[in-house]
Amino acid sequence: MSKRRLPENLSVETLAIRAAELRTDEMSHSEALFLTSSFVYESAAQAAARFAGTEPGNIYSRFSNPTVRSFEERLAALEGGEQCVAFASGMAAITAVFMASLKPGDHILSSRSLFGTTHVLYEKYLRKFGIEVTLVDIDDLDQWRAAMRPETRFLFVETPSNPLAEVADIPALASIAHEGNAKLIVDNCFCTPALQRPLQLGADIVIHSATKYLDGQGRCLGGAVVGQAQDMAEVYGYLRTAGATLSAFNAWVFLKGLETLSLRMHAHSSNALAMAAWLQTQPGVKRVHYAGLTDNPYHSLAARQQSGFGGVLSFEVVDSEGKEDRQAAWRFIDATRLVSITANLGDVKTTITHPGSTTHGRLADEDKRRAGISENLVRLAVGLEGIEDLKADMRRGLAALGFSE
Ligand SMILES: *Cc1c(COP(=O)(O)O)cnc(C)c1O
């Protein structure tokens, strides 16, 4: 770490660049990358002291690596949390929170609008260990209240949600959680701390898939958990034992990614807003889901708790013969030539996908219907290309539906 102490009360923009700077002994300006599995000691006595925890210092990169630590401290500063523990992926981070503190008989209350794999974690794995999960609608606070049980330990929500960009009321969910002695976990993947800081809004734990916007250029997988020291001690203990460790190289890439986080998130937001507003006026587009639009039901809530609306939007297509099916969505997607056909998001490159057959393809038809994933739904994670080039690409999609200018 840099030996100079940072001034107090820095902005998110500054913290993303300056928090937890890590230098080599040569005083490299760019963050130091420690690609090493273990660390050496001056003596046997020092090794013993490190293992006993009586002397601070690195031991083994499964649970202590300076580059990973620097990423953790920077993300903790950005989220305004006491501590952060990094993981090999977002799913490893989510799994760790649950494994670290749940026991058979415990209950999770979760939004139905979820990253598909989190759903699989609930149904296939947590259930096996006697942990029950109840799914409720993200915006129906009465459902959340009614589903609380004495055994409820966590409320879990992603906001804005994927792919419909629904928004959860974080302060309201936090008070429901706290009234029942439970904790609120927010997956902050879509906004990042550049646009939303859930801990300041009352949440207890923040989850990240660093794979998305924290990297920002689609290079590495990673994840993180941020929260109070006591909770993070449990999560860290689990990491040390279970070993889903973030690699130092990936942590270094994320440190570089964080340096441009604020700029990128605001640029993603303005490109997405321009795209959403334009799509809304196109024949062939039935409905656009994006909280940045003033007529979106989540607009005022999102404006209250976010400083930008993010880069992800979705829309329902209809062809010139009135068909609103999977074929229409696929024809639209296949006619594009610029945007990438891939399910990933959080990249400077715009991506397009059909949620019903990719990210949410494993859901049963009934679950898809309840989650609002229709067959004619297309998700766009708007990147940082020129907006006119992006619109031109969407026009290719519209032309394939029978709408040419
Ligand atoms: C991608 C994603 C995850 C999982 O992250 P991985 O890094 O792919 O494991 C979790 N939550 C949300 C909202 C995501 O988009």
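Predicted model: local features only at pLDDT ≥ 70, side-chain atom pairs only at ≥ 80, totals over all residues.
Two packed helices are described by the angle between their axes and the distance between the axes. For helix 13 (residues 326–335) and helix 15 (residues 387–400), the axes come within 7 Å and cross at roughly 140 degrees. Helix 13 is therefore oblique to helix 15, and the crossing of helix 13 past helix 15 is right-handed. On the side of helix 13, the contact involves Arg331, Phe332 and Ala335, which meet Met394, Arg396, Gly397, Leu398 and Ala400 of helix 15. By class, the residues of this contact comprise five nonpolar, one polar and two charged.

A second pair is formed by helix 4 (residues 90–101) and helix 9 (residues 229–242), whose axes come within 9 Å and cross at roughly 105 degrees. An angle of 65 to 115 degrees counts as roughly perpendicular, and helix 4 and helix 9 are therefore roughly perpendicular to each other. Helix 4 contributes Thr95, Ala96, Val97, Met99 and Ala100 to the contact, while helix 9 contributes Glu234, Val235 and Tyr238. Six nonpolar residues, one polar residue and one charged residue make up this contact between helix 4 and helix 9.

Lys212 has an N or O atom in its side chain at 2.7 Å from an oxygen atom of the ligand. For Asp187, a polar side-chain atom lies 2.7 Å from a nitrogen atom of the ligand.

Terms used. Residues numbered from 1 in each chain as written. Heavy atoms only, no water. Axes fitted to C-alpha atoms, helices over the stretch in contact; angles between N-to-C directions. Helix = DSSP H or I, 4+ residues; strand = E, 2+ residues; numbered from the N terminus. Parallel < 35°, antiparallel > 145°, perpendicular 65-115°, else oblique. Left-handed = near helix turned anticlockwise from the far one by under 90°. Contact = heavy atoms within 4.5 Å. Nonpolar A, V, L, I, M, F, W, Y, C, P; charged D, E, K, R; others polar. Polar contact = N/O pair within 3.5 Å; in protein donor to acceptor, adjacent residues only side chain to side chain.
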